[in-house]
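Work through the exercises below with the sequence and the 3D view at hand. Each task is followed by a solution in steps.

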Amino acid sequence: MKRIFISILILLVILGLTGCALKIYKLPQEGFCYTTYEREEIELSQEEQEYIIDLLNDGKWYSGIAKCDSDVNFYPNGFKLGYCAESGVFNDFTLKRSLSISDDARDIINEYLGLK
């Protein structure tokens with residue numbers, strides 16, 4: 001009986017740790033990001049796209065959409081996200097939440113996107 005209890009406890013811990021590593025944003029086959037107004041696709045390298053996806057998956061999201069205009073729209077695997085270059089905020093319009101990134105990350109992403 002003691003062995004079964006310990007086995008169940010270990011299984012729950014493993015499942016809990018696996019759940020924490022869940023990555024909901026993934027790169028689509030094509031059409032990752034577009035300018036908001038002209039709807040022109042922005043070409044990014046695989047490395048640049050992965051950097052953005054990692055920020056989205058690893059960041060601390062807050063409930064609600066931030067009040068800032070999007071300069072770029074992102075479409076990772078069925079989600080619609082807007083990015084404000086001035087403030088470094090991502091809005092996930094699908095899940096109704098927002099993510100503020102560091103100034104350093106904002107500068108890197110703005111450089112990738114050709115925004116100042």
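**Exercise 1. The sheet**

In what order do the 6 strands form the open sheet, and is the pairing parallel or antiparallel?

Solution. The model is a predicted one.
Step 1: Reading across the open sheet, the order is E1-E3-E4-E5-E6-E2. The pairing is antiparallel.
Step 2: The edges are strand E1 (33–35) and strand E2 (62–63), each of which pairs on one side only.
Step 3: Take one pair as an example. E3 and E4 pair in the antiparallel sense over 3 bridges, and Val-72 stands opposite Tyr-83 in E4.

**Exercise 2. The nonpolar core**

How many residues does the largest nonpolar core have, and which of them have the most contacts inside it?

Solution. 
Step 1: The largest nonpolar core has 21 residues.
Step 2: Those with the most contacts inside this core are Cys-33, Ile-52, Leu-56, Phe-74, Tyr-83, Phe-90 and Leu-113.
Step 3: Two or more residues come from each of helix H2 (46–58), E3, E4 and helix H3 (103–113).
Step 4: Look at Leu-56 in detail. Leaving out residues up to four places away in sequence, Leu-56 touches Tyr-25, Trp-61, Leu-81, Phe-90 and Leu-99.

**Exercise 3. Cysteines**

How many disulfides does a search of the whole structure find? Decide also whether Cys-33 and Cys-84 are buried or exposed.

Solution. 
Step 1: The search finds 0 disulfides.
Step 2: For Cys-84, the nearest cysteine sulfur is that of Cys-68, 3.8 Å away. A disulfide needs the two sulfur atoms within 2.5 Å, and Cys-84 is in no disulfide.
Step 3: Buried means under 20% relative accessible area. Cys-33 is buried because its relative accessible area is 0%. Cys-84, at 8% relative accessibility, also counts as buried.

**Exercise 4. Positive phi in loops**

Where do Asn-77 and Lys-96 lie, and what are their phi values?

Solution. 
Step 1: Asn-77 lies in the loop between strand E3 (72–74) and strand E4 (81–84). Although Asn-77 is not a glycine, its phi is positive, about 35°.
Step 2: Asn-77 has a relative accessible area of 32%, so it is partly exposed.
Step 3: Lys-96 is in the loop between strand E5 (89–92) and strand E6 (97–100). Its phi is positive at about 55°, and Lys-96 is not a glycine.

How values were computed:
Residues numbered from 1 in each chain as written. Predicted model: local features only at pLDDT ≥ 70, side-chain atom pairs only at ≥ 80, totals over all residues. Heavy atoms only, no water. Helix = DSSP H or I, 4+ residues; strand = E, 2+ residues; numbered from the N terminus. Buried < 20%, exposed > 50% of the residue type's maximum accessible area, 1.4 Å probe, protein only. Core = buried A, V, L, I, M, F, W, Y, C linked by side-chain atoms within 4.5 Å. Contact = heavy atoms within 4.5 Å. Pairing = 2+ DSSP bridges.
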